Amino acid sequence: MKSKTENADLGGSEFIDTNLAGAKFRDVNLANAEFVDVSLAGSRFEDVSLVGAVIRNVNCSEVSIEDANYEGMRIDGILVSELLRIYRSQA
């Protein structure tokens with residue numbers, strides 16, 4: 001079933017056992033949203049703000065991050081900007 005929702009306030013909604021495969025989200029506010037047991041395999045994120053987001057227990061196999069601001073970003077407690085600085089200095 002293909003549907004379109006525009007200019008709607010769905011704040012506080014819960015989607016349980018819901019298929020949103022192939023859905024498109026444009027100019028959407030998902031601030032403070034919670035994603036648990038969600039598949040984003042093959043998804044594409046562009047012009048997205050993840051400021052203050054926590055990503056835990058995630059399979060990042062084959063993930064590509066391009067043209068990103070890494071300031072303050074940590075992976076397993078290690079600053080990504082520092083990792084990249086060290087990597088690039090050895091290249």
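This briefing describes the fold, surface, charges and selected residues of the protein shown above. The model is predicted. Of its 91 residues, 1% count as buried. The salt bridges number 3.

**Overall architecture and dimensions**

- Read from the N terminus, the order of the elements is β-β-α.
- Helix H1 spans residues 80-90, and strand S1 covers 74-75.
- Along the principal axes, the C-alpha atoms occupy a box of roughly 50 × 25 × 20 Å.

**Surface and charge**

- The accessible surface amounts to about 9800 Å², and carbon and sulfur atoms account for 48% of that surface.
- Buried residues make up 1% of the 91 residues of the protein.
- The protein carries 9 positive and 15 negative side chains.
- The centres of the positive set and the negative set are 5 Å apart.

**Salt bridges**

- The count of salt bridges in the protein is 3.
- Lys4 and Glu6 are joined by a salt bridge through their side chains, with an N to O distance of 3.5 Å. This pair qualifies because the cut-off for such a contact is 4 Å.
- Both partners of that pair, Lys4 and Glu6, are exposed.
- Arg44 and Glu46 form another salt bridge, with 2.1 Å from N to O.
- Arg44 has a relative accessible area of 69% and is therefore classed as exposed, the threshold being over 50%.
- Glu82 and Arg85 are also linked by a salt bridge, in which the closest N and O atoms lie 2.5 Å apart.
- Both Glu82 and Arg85 belong to helix H1, and because they are 3 residues apart there, about one helical turn separates them.
- Arg85, at 48% relative accessibility, is partly exposed, and Glu82 is likewise partly exposed with a relative accessible area of 34%.

**Helix H1 and Leu84**

- Besides Glu82 and Arg85, helix H1 includes Leu84.
- The relative accessible area of Leu84 is 23%, so this residue counts as partly exposed; a buried residue would have to be under 20%.
- Leu84 and Ser61 are separated by 23 residues in sequence, and their C-alpha atoms are 19 Å apart in space.

**Backbone: positive phi at two aspartates**

- Asp27 has a positive phi, near 55 degrees, and is a residue other than glycine.
- Asp27 is located in the segment before strand S1, and its relative accessibility of 85% places it among exposed residues.
- Asp67 is not a glycine either, yet its phi is positive at about 50 degrees.
- Asp67 is situated in the segment before S1, and it counts as exposed at 83% relative accessibility.

**Gly72 in the segment before S1**

- Gly72 is another residue of the segment before S1.
- Its relative accessibility is 52%, so Gly72 counts as exposed, given that the class requires a value over 50%.
- Gly72 and Gly52 lie 20 residues apart along the sequence, with a C-alpha to C-alpha distance of 9.5 Å.

Conventions:
Residues numbered from 1 in each chain as written. Predicted model: local features only at pLDDT ≥ 70, side-chain atom pairs only at ≥ 80, totals over all residues. Heavy atoms only, no water. Buried < 20%, exposed > 50% of the residue type's maximum accessible area, 1.4 Å probe, protein only. Helix = DSSP H or I, 4+ residues; strand = E, 2+ residues; numbered from the N terminus. Areas by Shrake-Rupley, 256 points an atom, 1.4 Å probe, with all protein chains shown as cover. Lys, Arg positive; Asp, Glu negative; His and termini not counted. Charge placed at Lys NZ, Arg CZ, Asp CG, Glu CD.
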